[in-house]
Amino acid sequence: MTSDTAIGIHDLSFATTEFVLEHTVLAEYDGTDIGKYHVGIGQRSMSVPAADEDIVTMAVAAAAPITARHGVDQIRTVLFATETSIDQSKAAGVYVHSLLGLPSSARVVELKQACYSGTAALQLAIGLVRRDPSQRVLVIASDISKYDLDSPGEATQGAAAVAMLVSADPTLIRIEDPSGLYTADVMDFWRPNYRTTALVDGHQSIGAYLQALEGSWKDYTEQGGRPLSDFSAFCYHQPFTKMAFKAHRHLLNICGQDADPAEISRTLGLTTAYNSVLGNSYTASMYVALASLLDHADDLTDQAIGFVSYGSGSVAEFFAGTVVPGYQGHLRTAANREAIDRRQPLDHARYRELHGRSIPNDGGVHPVPRQTGAPVRLSALDHHKRIYELR
Ligand code: COA
């Protein structure tokens, strides 16, 4: 194979949680006009994890259909992107590697940079496949977005995991060079090691996102990237879906183009369908947007998609991908809709109870109540160890 062998996303699958909280329930509790949630931030419901779900159980649920379809033999690397890590030392992907029965002749590592690290994982995977195109890389982005109760961020919570198989001659998306890159030291969103909920200056984070978009687009064009007019769709990181619309308007403005609201709705609407009901899934969010686009668009064959990946703190990357002919035969549309539709609605008291749960840290043996119907559950904490159980 040559260095111009196409490399990209060969398969993509996502999973979410057992429970869902409708924004109408939150609005009734906190007295907010529902228009703020449905229109102002563009969210209708949020995924809420069961007591026995975490980033590992969601990751296994997302990746299992991929290993079932393609086997595990060519996977020599697992890259696990998350900003809601469960351990300061051990990579969450090692549990996933074991639960999926991946070969021992593999490397597994966890990556972090807020919501951006799924894209870092994808780009590292492409480099590994370029070095040896017979290998495949399993990229997983899995996160649970959790803010303090009664804080402005609460309405933007959510959870999901995306698994992607990165390979040569992919069936879904060829990822292109170049990438536009941008890093700036900003305190718009962070979570110190001693906190379970994130700290965020939401309004600052919107400005930081737009500035990072501008910086990464500028670098993309300087690196010889495509003109804006080449793109027929854009997948933005969506901390809340309205952010994608704000970002796209900004991109059009800096490119000196008209921001016609109907045109923006048409361009972005297909990418926000899943995130508007899942909520923020941090590292997974932009790839959920891609799944939503591929599942809902008529035919994107050979079309260029622009990707805008943003992680607070902050790092951004603008890159392009081309949709591979025949991609529709490899989508998981029915399974994706099922993952969303099967969630059980929560009332507000049950949601608060789940939100308030914390992992016991006394080193004892603590069984976890059985709640999830996922293929793997967290069954206990035992001497500080997480014990997972296959269904
Ligand atoms: N009907 C329709 N729209 C309404 C409304 C109503 N009744 N009430 C308010 N709105 C609109 C506001 O005009 C605003 O829209 P705009 O941004 O286009 O001006 C939007 O709803 C939000 O209202 P706002 O007063 O700004 O809400 P807030 O102070 O609660 O903050 C966030 C909103 C998004 C900043 C907050 O939820 C947050 O911090 N989220 C987390 C952000 C994040 O995740 N950042 C991380 C990385 S990018």
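This is a predicted model: local features need pLDDT of at least 70, side-chain atom pairs count only at pLDDT 80 or more; totals for chains, interfaces and linings use all residues.
Residues are numbered from 1 along each chain as its sequence is written, and side-chain values use heavy atoms, with hydrogens and water left out.

Let's begin with strand S13, residues 304-311. For the labels, helices (H or I, at least four residues) and strands (E, at least two) are DSSP runs, numbered from the N terminus. Is S13 buried or exposed? Eight of its eight residues are buried, where buried means under 20% relative accessible area, exposed over 50% and partly exposed in between, with a 1.4 Å probe and protein chains only. One side carries Ala 304, Gly 306, Val 308 and Tyr 310, and the other Ile 305, Phe 307, Ser 309 and Gly 311.

Who are the partners of S13? Two strands pair if DSSP finds at least two bridges between them. With strand S12 (residues 231-236), S13 pairs in the parallel sense over five bridges, and Tyr 236 stands opposite Val 308. Strand S14 (residues 315-323) runs antiparallel to S13, joined to it by eight bridges; here Ser 309 has Glu 317 as its bridge partner. S13 and S14 form a hairpin with three residues between them, and Gly 313 in the turn has a positive phi of about 120°.

Three strands form an open, antiparallel sheet in the order S16-S17-S18. Its edge strands are S16 (365-367) and S18 (385-390), each pairing on one side only.

Last, the helix pair. Helix H8 (residues 261-272) packs with helix H10 (residues 285-296) at about 110°, their axes 6 Å apart. Axes are lines fitted to C-alpha atoms, for helices over the stretch in contact, and angles run from 0 to 180 degrees between N-to-C directions. So H8 is roughly perpendicular to H10, a label for 65 to 115 degrees; under 35 is roughly parallel, over 145 roughly antiparallel and the rest oblique. The contact (heavy atoms within 4.5 Å) involves Leu 270, Thr 271 and Thr 272 of H8, and Ala 289, Ser 292, Leu 293 and His 296 of H10.

Thanks, happy to chat!
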